[in-house]
Number of protein chains: 2
Amino acid sequence: MAQIKPRTLSGFMELLPARQVQFDRMVETLRKTYSLYGFTPLDTPAIEASEVLLAKGGGETEKQIYRFTKGDSDLSLRFDLTVPLAKYVALHTGDLTFPFRRFQIGKVYRGERAQRGRFREFYQADIDVIGDGSLDIINEAEIPSIIYKTFTALGLKRFQIRVNNRKVLNGLFEILGLKEQAGDVMRTIDKLEKIGPEKVKELLVNEFSVPAATADQLLELLSTADPMAALNALKGQNELFDRGVEELSTVVNYMSAFGVPAENYQVDLTIARGLDYYTGTVYETAMLDHPEIGSICSGGRYDNLAEYYTNKQLPGVGISIGLTRLFFVLEDQKYLNDDLLTAPADVLVLPMTQDLSPAIALATQLREAGIRTQLYTENKKFKQKIGYADKLGIPYVIFLGEDEVKEGKAAVKDMATGEQLTQSVEEAIDRIRAGLAQRAEGTPIRDPHN
Amino acid sequence: MAQIKPRTLSGFMELLPARQVQFDRMVETLRKTYSLYGFTPLDTPAIEASEVLLAKGGGETEKQIYRFTKGDSDLSLRFDLTVPLAKYVALHTGDLTFPFRRFQIGKVYRGERAQRGRFREFYQADIDVIGDGSLDIINEAEIPSIIYKTFTALGLKRFQIRVNNRKVLNGLFEILGLKEQAGDVMRTIDKLEKIGPEKVKELLVNEFSVPAATADQLLELLSTADPMAALNALKGQNELFDRGVEELSTVVNYMSAFGVPAENYQVDLTIARGLDYYTGTVYETAMLDHPEIGSICSGGRYDNLAEYYTNKQLPGVGISIGLTRLFFVLEDQKYLNDDLLTAPADVLVLPMTQDLSPAIALATQLREAGIRTQLYTENKKFKQKIGYADKLGIPYVIFLGEDEVKEGKAAVKDMATGEQLTQSVEEAIDRIRAGLAQRAEGTPIRDPHN
């Protein structure tokens, strides 16, 4: 038969079984954490009408999109979970209760140039709180605590949540007379970490006609050790700015009440998060030992989620984790906790009798006790059977011969210690459960720098 | 601003929040059940190279496929989870351990004509056991017990697993001298339930030149009350047939050892499951009160999973549940258990103090106890706040005023009974946990016919 060489497209993550278990464990941790904060799970189609998905239009997004026709329909694969959320909320407004808190973990598609660590199909894990007309500032203060809790639950330690406020930035540009160049200035200061203050000043002055003294004032403010004090000192000149400082103060003040330790957050006036969407608090999250990776969880407050679909004002605040890329980085940098079980089963039952009924009954009993059990009946040599459990990391093997069946017992081997005991099924269940509980201690990630 | 009317494509399921929780609960039940039997979770890309996905080629599939180009690449959305599994196993053979037991629950795409209850994007929930060169018959006997366990865990009662064997059918056609017309005959007897035996005989005789006596013999066999006895009576004439009867006997004999009650399975000689893929045991599953729905879980044994990609012989056995369609039917026929909680949170905390720190601390304590908690801080009237919990079905509301804060207590209202108690946080946690445990009793489905 003519055969096709099997391959997986580049830019598409496809994991081997043990890694997939680790990925799923991260997803499960996110689901659980988001649920603890009262977010409801949502799922929307991966395909939408292009007209709907591209209502906002323009930009990089449109170039990267997977767009095609089927019959008469112009269709596109979603490139994020925010636009489908906007559509969902606009479409189902009457059926939703506001504030509407939802999480969504799903695949999105971007036909980016393929390169190491960049994916064309990737999971995003988003949460958003959508208000109907208005939304209390407390929501903006709670979000960083969810980010903190999420990464802590995953097992990451050396990370920092960076917080800023778009009203502060926009007000500041008005105070400094830079309103016209606001976009250019923001894009330039965004490069601060990468190219340094001198180069930024040069660009501001030479490219965007910022007076040298103003550039100095701006750069000093951005690098101050106590940004809140510096901002408070500038109050009273611009209404928008004052409101922004007020909001930022509230967010910062409540953050410790929400349990975020001081070393895990920082006000960072260089953070802007794009130009035209966010209107209040904005967030980025850095891995302290891997600044090169950029933000691993970003988002902010916006005033109009769905203005392209409805006149209803739907302000909200949300964050997004690029899960596939994060997983890639964690694997690459040896953050994944390989001590946690990745085996498909907890127990491998090896029947040594002609009649399999006793082995089947044992497997059923174990499963009823919540123990993941595989019955191994392939016609292989004993060594190969044991090797199967070994290769897959299955922690217990049970041998069931005529003698054990007669006595109503089973020979249970702990594959890690090699200890083999002949036990009643009840004893075996207790022993296996205790062993599994011990093996389950720990988080999906183990921060190697802590 | 020019606006686009928000809409979701027809044939794409998009659920409201409470329904989504019910859907996710079903998925969770499947994941858990599959895991208990030692299957490892897998995830593969939704997009594959068309050349790879269509290696087998032809048929209805190709017409329904979502196929498009991006740059130079000819791409397609997967239309099932079997072809991606074949590719995965062929591609990663060296990294896998056989028998390879995997489950996969994911979206697939078919551009079918849109009609009520038919979906273009839908979830399939598959399990497969893949052997390396050979695979023991016990795997074929275990599968029906997994089907049984899965639907029982979901809460379905009135269902029947129908089992047949392709070697029996093919051998039978050889015995009856119908080898040439085997495909046509199979397709015709597949209509037995729909059009009845007389019409089937007419088609067999007139369309496919089956002698009338042979048609009678065949129809009698298919309608016999004791198919195993009838098959055994025919043994000794054809090797393939005899092997098939042997396999079918083994599967049936072990089924009760595996714990499948007699009323939940039946040998049904009319089941064929397509023409060229399955080679041994085949399965279908019927909802007894909704025969019009067809099979809700089907599959079987095959000899060559990946013959289009590799010379390696990879026999296997697997089943698939069309989850989206099943969910649609269950909702439509009122099988969903609406007594189980669908609220996004277990507790809504309503702060009555200016300073929110005590309410935040309380919410944190509750979350640390595993209780899903939402802090409600919107500036609304008291009635609207209570109405929020009510509309979402949040089972407990906690009021936190100055008095409670001073006493270190909280006013906890059970929204179902109306009972409001002022309790310590520990007491509240115990009460809420007990209430939630009670509310969690029950299965995702409640069979209305039992």
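**Ser145(B).** I began with Ser145(B) in this predicted model and found that this residue belongs to helix α5 of chain B, which runs over residues 138–154.

**Helix α1 of chain B.** Next I turned to α1(B), residues 17–36, and checked its length against expectation. With 20 residues at 1.5 Å a residue, α1(B) should span 28 Å, and since its end C-alpha atoms are 29 Å apart, I recorded that the two values agree. I also asked myself how many of the 20 residues of α1(B) are buried. The number is 14, so I describe the helix as mostly covered, buried being under 20% relative accessible area. Just beyond the helix I stopped at Gly38(B), where I read a positive phi of about 80°.

**Where chain B meets chain A.** I then moved to the contact between the chains, to which chain B brings 98 residues and chain A brings 98 residues. The buried area I noted between chain B and chain A is about 8400 Å², with carbon and sulfur atoms giving 58% of that area. For the charged pairs, I wrote down a count of twelve salt bridges between the two chains. As one of these I looked up the pair Asp43(B) and Lys107(A), whose side chains meet with an N to O distance of 3.2 Å. Between chain B and chain A I also have 48 residue pairs in polar contact, with both residues at pLDDT 80 or more. Which helix of chain B gives the most to the side that touches chain A? I found that helix α1 of chain B does, with seven residues.

**Chain A as a whole.** Last, I looked over chain A, in which I listed 17 helices and 16 strands. Its C-alpha trace spans about 90 × 55 × 45 Å along the principal axes, and of its 450 residues 58% count as buried. I also took the contacts in chain A between residues at least 6 apart in sequence, and I noted that 69% of these join residues at least 24 apart.

Methods
Residues are numbered from 1 along each chain as its sequence is written. Chains are lettered from A and ligands numbered from 1 in the order in which they are written. This is a predicted model: local features need pLDDT of at least 70, side-chain atom pairs count only at pLDDT 80 or more; totals for chains, interfaces and linings use all residues. Side-chain values use heavy atoms; hydrogens and water are left out. Contact means heavy atoms within 4.5 Å. Buried area is the accessible area (1.4 Å probe) that two parts lose on being put together, summed over both. A salt bridge is a side-chain nitrogen of Lys or Arg within 4 Å of a carboxyl oxygen of Asp or Glu. A polar contact is a pair of N or O atoms within 3.5 Å; within protein, one must be able to donate a hydrogen and the other to accept it, and residues adjacent in sequence count only if both atoms are side-chain atoms. Helices (H or I, at least four residues) and strands (E, at least two) are DSSP runs, numbered from the N terminus. The expected span of a helix is 1.5 Å times one less than its number of residues. Buried means under 20% relative accessible area, exposed over 50%, partly exposed in between (1.4 Å probe, protein chains only).
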